[in-house]
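Here are my notes on this chain, point by point. Please read them with the structure open.

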Amino acid sequence: MSTSELARPSGFLGGLNSRWHHRALAVFMLIVIAHWAEHIVQAIQIYGFGWPTAKARGVLGMPFPWLISQEWLHYGYALVMLVFLWILRHGFAGRSRQWWNLALAIQFWHHIEHLLLFIQAQSGWRLAGQKVPTSIIQLLVPRVELHLFYNTIVTIPMIIAVVLHRRASAAEHELTGCVCGLPKPALAAS
């Protein structure tokens, strides 16, 4: 294990990566998977139901259409996800840490793409003379498909990391101080 894996944060961040890691990770993964599901539903609306892209807004976008059009909201989510991938990584060790770091690296790029979209939405400048805010890879791949792809390639390594983390060895748990996956101590007889 590297020295960076041995460095444990203290205080609140230390708690998020040890005694509260299981709960923090569960809440974070629930939010990430729900967001991913929104992109999957949007793709089903387009390719399964034949809806035009402008009408395919996922589940939450149907009653709240403004959610789809707010670049600050998309950028904010990408930034928060990046921050929590960084914060919660200290609870991982070994192979689970490698998969979590892969998700972090991919999300860093995804965040850059959203930052570029956000800057364009705020400034009126458009990448490559496009009519709407456009990310770099979006010059090659349509936005709906691209963001479904990005969310998929970030979420899958996170899921793998969590599964490996829950099955971590005692040595890995010792490195992180995390209690995820450890058997609960037997209740003392009254």
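1. Overall fold. The secondary structure comes to eight helices and zero strands. In sequence order the pattern is α-α-α-α-α-α-α-α. Keep in mind that this is a predicted model.

2. Dimensions and packing. Along the principal axes, the C-alpha atoms fill a box of roughly 65 × 35 × 25 Å. The chain has 190 residues, and buried residues make up 42% of them. Take the contacts with a separation of 6 or more: residues 24 or more positions apart account for 64% of these.

3. Surface. The chain exposes about 10800 Å². Carbon and sulfur atoms supply 71% of that area.

4. Annotated spans. UniProt, in an unreviewed entry, places the feature "transmembrane region" at residues 20-37 and 72-88. How much of each span is helix in the model? Residues 20-37 are 94% helix and 0% strand, with end C-alpha atoms 26 Å apart. Residues 72-88 are 100% helix and 0% strand, and their end C-alpha atoms lie 24 Å apart.

5. Helix α6. This helix covers residues 94-123, which is 30 residues. At 1.5 Å a residue, α6 should span 44 Å. Its end C-alpha atoms are 43 Å apart, so the two values agree. Gly124 follows α6, and the phi of Gly124 is positive, near 90°.

6. The salt bridge. A search of the whole structure finds one salt bridge. Arg143 forms it with Glu71, and the closest N and O atoms are 2.8 Å apart. The pair links distant parts of the chain: Arg143 sits in helix α7 (residues 143-166) and Glu71 in helix α5 (residues 71-88), 72 residues apart.

7. Exposure of the two partners. Arg143 has a relative accessible area of 25%, so Arg143 is partly exposed.

8. Nonpolar patch. Which residues form a nonpolar patch on the surface? They are Ile40, Ile44, Phe49, Trp51 and Met62. Together they have about 440 Å² of accessible area.

9. Trp51 lies in the loop between α3 (21-48) and α4 (66-69). Its relative accessible area is 31%, so Trp51 is partly exposed. Patch members need over 30%, and Trp51 has 31%.

Technical notes:
Residues are numbered from 1 along each chain as its sequence is written. This is a predicted model: local features need pLDDT of at least 70, side-chain atom pairs count only at pLDDT 80 or more; totals for chains, interfaces and linings use all residues. Side-chain values use heavy atoms; hydrogens and water are left out. Patches are made of residues with over 30% relative accessible area and no salt bridge: like charges are joined within 9 Å, nonpolar side chains (Val, Leu, Ile, Met, Phe, Trp, Tyr) within 5 Å. Accessible areas come from the Shrake-Rupley method with a 1.4 Å probe; for residues, only the protein chains shown count as cover. A salt bridge is a side-chain nitrogen of Lys or Arg within 4 Å of a carboxyl oxygen of Asp or Glu. Helices (H or I, at least four residues) and strands (E, at least two) are DSSP runs, numbered from the N terminus. Buried means under 20% relative accessible area, exposed over 50%, partly exposed in between (1.4 Å probe, protein chains only). UniProt positions are given in the numbering used here, feature names are shortened, and annotations may be inferred rather than shown by experiment. The expected span of a helix is 1.5 Å times one less than its number of residues. Contact means heavy atoms within 4.5 Å.
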